[in-house]
Protein chains: 2
Amino acid sequence: MAQKPAIPKGTRDFDPDVMARRDYIFSTIKEVFKLYGFEPIETPAMENLSTLTGKYGDEGDKLLFRILNSGDFLSDVKEPDKQSFETLGQKISEKGLRYDLTVPFARFVVQYRNEINFPFKRYQIQPVWRADRPQKGRYREFYQCDVDVVGSDALINEAELVQLVDDVFKRLNINVVTKINNRKVLAGLAEYIGKPEALIDITVAIDKLDKIGIDQVNAELSEKGLSDKAVELLQPVLFMEGSTTEKLDMLEKLIGHIAIGSKGITELRQLFTYLYNMKIAMPVELDLTLARGLNYYTGAIFEVKATDVPMGSICGGGRYDNLTGVFGMPDVSGVGISFGADRIYDVMQNLELFPDKAIQSTQIIFLNFGEKEMTYCLPFLKELRAKGFRVEIFPDAAKIKKQLRYTDQKRIPIAVMAGESEMAANQFTVKQMQSGEQITVDAETLVEKLGESLKDRL
Amino acid sequence: MAQKPAIPKGTRDFDPDVMARRDYIFSTIKEVFKLYGFEPIETPAMENLSTLTGKYGDEGDKLLFRILNSGDFLSDVKEPDKQSFETLGQKISEKGLRYDLTVPFARFVVQYRNEINFPFKRYQIQPVWRADRPQKGRYREFYQCDVDVVGSDALINEAELVQLVDDVFKRLNINVVTKINNRKVLAGLAEYIGKPEALIDITVAIDKLDKIGIDQVNAELSEKGLSDKAVELLQPVLFMEGSTTEKLDMLEKLIGHIAIGSKGITELRQLFTYLYNMKIAMPVELDLTLARGLNYYTGAIFEVKATDVPMGSICGGGRYDNLTGVFGMPDVSGVGISFGADRIYDVMQNLELFPDKAIQSTQIIFLNFGEKEMTYCLPFLKELRAKGFRVEIFPDAAKIKKQLRYTDQKRIPIAVMAGESEMAANQFTVKQMQSGEQITVDAETLVEKLGESLKDRL
């Protein structure tokens, strides 16, 4: 029986229009990655469950997509009683789909530690899968786009990543601001207010400042057990203003005497000095309220936002010191950032930033007036393609109206026609689809004329 | 506890060296696809099981990777008795991983039939998953690379696909031969020997001619119930020699009076006429023993083999008339081919066809002699990247020996050095890694000199 076709909730098909735009984003990003010496890797969609579980917290474990053992997957399972039933899930599934690119990358680094050329500058652009409840802007399959340097703790790596971000968004023509913080400074502040053990609670609360406002943040801090005194000590930090240097000087006074805080301030000063010397084009701000959810970062923390459209972070990352510890390889420091392709797409759609050239497929179509006429056209298709033009011929001698509708819908800018009279005169009629303008061109100058015509419009 | 990291059987990690080669293959193929007016689509890794099952035969159904329903996947299942236990598989899994690109494409065409601009020229390059027993050269995750035109039965589509194949392998520098057959001719032959119902058995047996030889093929045909007479009638076909025109003339005499056979011969004549006019560079042969396993094709059948290395088919396809029927949309004719990326990779490795340029990542590295020296170098990195050169700086002031080993392993052709003396003289030392040659260059001419140097070697 015929089925009404559909795809699973939370997944997407990408049609040619969307693909062209996505390709434009990914190839721009990849090109910049390569300019900075980053190299691609890919890992399998499936990982052993032992690789994945326990890495994303209990909540994350529930969101893993598990794959049934192939073949007779129930053969191991005997007449189940209630108890064996509960462990059925483990017995019938040993593999899961990649949940992010970080854990597979950590697994990769440890597995090939003896072959990898450190510092390892890798990028990875692949889909990941999460059994999240589907909702607007949240998908069960989406691409992540990660770039990392592991095996070096030099701060120039942070600086180069910020410069790379600057290059990517300049090329994509998106105005952005990059915010920078340092986890060590946050740790210093937690110590300063006498609650070093509350670092996570504090950063989680501070992270919400933009969303819920200062009163709610303070209330949450009190709830988490901070004394009124501690909350009060935090206020100047939350409201800190001025230039980056002024902020760092103020911090120095507050927490310069605390070892970890002082280390964080030194790192920030060094990073901002690099960025100043690099003449980064986008604004780069020190933002002490930037904490990000992850408890994963140990040094620099980055977040990039588009300035011309309200949208969450479109790119972010930071320095981590224990990526690979869980796989038995401690003390590997790395720094990385991740580009949010879907959000970047939305920003670019919203601001109409996709250049025509990027989303155009075929540039020239030869309309089909019949067998003889097609034979007359074919050598020119070959010649144009050899010169790098994207060319097609309508395969059927359908009504011209239909062929022109096809041409319009595919947004092909130029249609070339040759009927009986053109063939007799060794000519072609060239139609500019947008203006409707038609000119007659001698066959021997066709390729040259089309080349000029396309150069003008792109 | 630390785990020994590994990946599931039959899956692969791709390191930067392999990725660069794979990227070279895929981007070459994509570039040619675009020159012919093909556009990309992507479909989700997961499809509903109802989309997948029953499309690949019983054997195929067993090879589907099924995904456990997320969340409490056993909640629907009551205290199982033996019977409900057997249907457990269906209850706990409703999604499966893509097994090929054909069925998802058919689903796509039907689902978006009202939005698609027919004839629809699409390509799709994505991984597929099969729970096959892993063995050399057979993986549980591998990329397929398909290109199809659907919604047109004109033979120019077949011709253009062959021309596209020619272009792809010319660019990849692989010598190939393309073999062409037509399923209608095979049907005509089956009718000719009085066994129209045995078409499938005959084609399956014929398909093995290369592998098992004529005696075994004949034995198999007899086993399948062909009379000695019928087997005898087939012999001239199996041993047909001569030019394509001669072969077609012979066929005309044998089966020209059989409607479907005659139709097949006409199609072949028309296709070869197109190919002749298109001046295809590779050899293209009519091969009546080419049947391919699939019972799916209805017209032209293609197979492409590399001529300089023994390897199975590296590309193949054909015309089909009922891609979308199973999803309730009958009579959609299409023609497509599929490139076997893994085999193409093996051919190119084997014949050492990957150009250095394609597999090179970073072109220039600045060695790191310390903080001051690095600051001296940074503006030049920026300038070189702006000119499109792939440049990096070693992030740590490690021992130069270590930095040069990194440079060597990453096969970076040029190392640039600036220590105290170079800085004092406003110069750089440029080292060609392969020859070991070192020259001193003034800072203001560095970018220009490096540009020339790279132009020479690429």
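This is a predicted model: local features need pLDDT of at least 70, side-chain atom pairs count only at pLDDT 80 or more; totals for chains, interfaces and linings use all residues.

In chain B, eight strands make up an open sheet of mixed pairing, and their order is β1-β5-β6-β11-β10-β9-β7-β8. The edges of this sheet in chain B are held by β1 (39–40) and β8 (284–286); each has a single partner strand, so one side of each is left without a neighbour in the sheet.

Within the chain B sheet, strand β6 (residues 141–150) and strand β11 (residues 334–339) run antiparallel and are joined by six bridges. Opposite B:Asp146 stands B:Ser338 of β11(B).

Chain A has an open sheet of eight strands in the order β1-β5-β6-β11-β10-β9-β7-β8, and its pairing is mixed. Here β1 (39–40) and β8 (284–286) of chain A are at the edges with a single partner strand each, so one side of each is left without a neighbour in the sheet. Strand β9 (residues 300–306) of chain A runs antiparallel to strand β10 (residues 315–320) of chain A, with four bridges between them. A:Phe302 has A:Gly317 in β10(A) as its bridge partner.

Strand β15 (residues 427–432) of chain B is largely enclosed by the rest of the structure, because five of its six residues are buried. It is joined to strand β14 (residues 414–417) of chain B by four bridges, and the two run antiparallel. In this pairing B:Met417 stands opposite B:Thr429 of β15(B). β15(B) also pairs with strand β16 (residues 438–442) of chain B, in the antiparallel sense and over five bridges. There B:Val430 stands opposite B:Ile439 of β16(B). The hairpin of β15(B) and β16(B) has five residues between the strands, and B:Gly436 takes a positive phi near 85° in it.

In chain A, strand β15 (residues 427–432) and strand β16 (residues 438–442) pair over five bridges in the antiparallel sense. The bridge partner of A:Phe428 in β16(A) is A:Val441. Five residues lie between the strands of the hairpin of β15(A) and β16(A), where A:Gly436 takes a positive phi near 85°.

**Salt bridges**

Side chains of opposite charge can pair when their charged atoms come close. Over all chains, the structure holds 47 salt bridges.

| A:Asp342 | A:Arg12 | 3.0 Å |

A:Asp342 and A:Arg12 meet in a salt bridge through their side chains. This pair links distant parts of the chain, 330 residues apart: A:Asp342 is in helix α14 of chain A, and A:Arg12 is in the segment before α1 (16–35) of chain A. Both A:Asp342 and A:Arg12 are buried.

A:Glu160 belongs to helix α7 (residues 156–172) of chain A and B:Arg385 to helix α16 (residues 371–386) of chain B, so the pair joins two chains. A:Glu160 counts as buried at 9% relative accessibility, and B:Arg385 is buried with a relative accessible area of 2%. A network of salt bridges links A:Lys121, A:Glu160, B:Arg385, B:Glu392 and B:Lys410.

A:Asp249 lies in helix α12 (residues 244–255) of chain A and A:Arg269 in helix α13 (residues 259–278) of chain A, so the pair ties together parts that are 20 residues apart in sequence. A:Asp249 counts as partly exposed at 34% relative accessibility; A:Arg269 counts as partly exposed at 27%.

**Surface and individual sites in chain A**

A:Lys399, A:Lys401, A:Lys402 and A:Arg405 form a positive surface patch. A:Arg405 is located in helix α17 (residues 400–409) of chain A and, at 48% relative accessibility, counts as partly exposed.

A:Met348 is in helix α14 (residues 341–350) of chain A and counts as buried at 0% relative accessibility. A:Met348 and A:Ile174 are 174 residues apart in sequence, with their C-alpha atoms 7.4 Å apart in space.

A:Gly325 is in the loop between β10 and β11 (334–339) of chain A, and it is partly exposed with a relative accessible area of 25%. A:Gly325 and A:Tyr276 are 49 residues apart along the chain, and their C-alpha atoms are separated by 34 Å.

Note on methods: Residues are numbered from 1 along each chain as its sequence is written. Chains are lettered from A and ligands numbered from 1 in the order in which they are written. Side-chain values use heavy atoms; hydrogens and water are left out. Two strands pair if DSSP finds at least two bridges between them. Patches are made of residues with over 30% relative accessible area and no salt bridge: like charges are joined within 9 Å, nonpolar side chains (Val, Leu, Ile, Met, Phe, Trp, Tyr) within 5 Å. Accessible areas come from the Shrake-Rupley method with a 1.4 Å probe; for residues, only the protein chains shown count as cover. A salt bridge is a side-chain nitrogen of Lys or Arg within 4 Å of a carboxyl oxygen of Asp or Glu. Lys and Arg count as positive and Asp and Glu as negative; His and the chain ends are not counted. The place of a charge is taken as NZ of Lys, CZ of Arg, CG of Asp or CD of Glu. Buried means under 20% relative accessible area, exposed over 50%, partly exposed in between (1.4 Å probe, protein chains only).
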